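Good morning, and thank you for coming. I shall take you through one model, from its sheet and cores to its rings and backbone.

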Amino acid sequence: MEKASIVLLKESEIVKLVPLMRRIYPKEHSIFNKDSILLYWNLKSGNYPYVQWYVVKVDNKIVGFTRWYLYDTSANKILLMLSWTAVKKEFEGKHITTQLLNISYSKVKDYWKKRGLNIVGIWVETDTLNIKARHFYKDFLSSIGFKVQEKIVSGLWGDEGVVFIFGVK
């Protein structure tokens, strides 16, 4: 396997992510039952630099992605949302997602720092039943220097609820 590379994705290339997005929103369990709706929603959710999509490539093929979203700002401080993170099933457990998040976070942090803004918080959400993801995101946020808090909201997305995981400086 070739070394993984992490690159910023151009908005015009987001269409390439639709098959991987289906790991998050399968057609049969989603309001995004058509690829065109899923793609449209993502394209309209924000533009660079406020939304930054990063992909991880192995052997020059996209095997995963994540999205960093500038959620809010006050003075020289910003709050980011980390969302839409997925890797191909065959790359799970190979630290690809960890590399993707660490390198993309570093690039996003540098981008905003050059503009005089400091990241003071990051939040991410997942299903309450996705224990593996909950631990992964908490470990990631801790590893980059954030104090981690978790808030469970029952019944927000179906029976299982949703977990909001906050990293605060």
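**Sheet, cores, rings and backbone**

Let me begin with strand β4, in which Trp-84 is placed, at residues 77–87. Helices (H or I, at least four residues) and strands (E, at least two) are DSSP runs, numbered from the N terminus. This is a predicted model, in which local features need pLDDT of at least 70 and side-chain atom pairs count only at pLDDT 80 or more, while totals for chains, interfaces and linings use all residues. Residues are numbered from 1 along each chain as its sequence is written, and side-chain values use heavy atoms, with hydrogens and water left out.

Now the sheet. Seven strands form an open sheet with mixed pairing, in the order β1-β2-β3-β4-β5-β7-β6; two strands pair if DSSP finds at least two bridges between them. At the edges are β1 (5–8) and β6 (147–153), each of which pairs on one side only. On average, neighbouring strands of this sheet are turned by 25° against each other, direction ignored; here the axes are lines fitted to C-alpha atoms, for helices over the stretch in contact, and angles run from 0 to 180 degrees between N-to-C directions. Strand β3 (residues 61–74) runs antiparallel to β4, and nine bridges join the two. Trp-68 stands opposite Leu-82 in β4.

Which residues touch the most other members of the largest nonpolar core? They are Trp-68, Leu-80 and Ile-122, in a core of 32 residues. A nonpolar core is a set of buried Ala, Val, Leu, Ile, Met, Phe, Trp, Tyr and Cys residues joined through side-chain atoms within 4.5 Å. Buried means under 20% relative accessible area, exposed over 50%, and partly exposed in between (1.4 Å probe, protein chains only). The elements that each supply at least two residues of this core include β2, β3, β5 (118–127) and α4 (131–143). Helix α3 gives the most, with seven residues. A second, separate core of 16 residues includes Leu-9, Val-18, Leu-38 and Trp-84.

I turn to the aromatic rings. The structure holds 15 aromatic pairs; rings of Phe, Tyr and Trp (its six-membered ring) pair if their centres lie within 6.5 Å, and planes under 30 degrees apart count as stacked, over 60 as edge-to-face and the rest as tilted. Tyr-25 and Phe-32 form an edge-to-face pair because their planes stand at 80°, with the ring centres 5.0 Å apart. Phe-32 is buried at a relative accessible area of 6%, whereas Tyr-25 is partly exposed at 26%. Tyr-25 also pairs with Trp-84, in a tilted arrangement with 5.0 Å centre to centre and 40° between the planes. This pair links distant parts of the chain, 59 residues apart: Tyr-25 is in the loop between α1 (18–21) and α2, and Trp-84 is in strand β4. Ring pairs link Tyr-25, Phe-32, Trp-41 and Trp-84 into a cluster.

Finally, the backbone. Most residues other than glycine have a negative phi, and most peptide bonds are trans. Trp-84 has a positive phi, near 55°, and is buried, with a relative accessible area of 8%. His-95 likewise has a positive phi, near 65°, but counts as exposed at 59% relative accessibility; its place is in the loop between β4 and α3 (96–113). The peptide bond from Tyr-48 to Pro-49 is cis, with omega near 5°, and Pro-49 is in the loop between α2 (35–43) and β2 (51–58).
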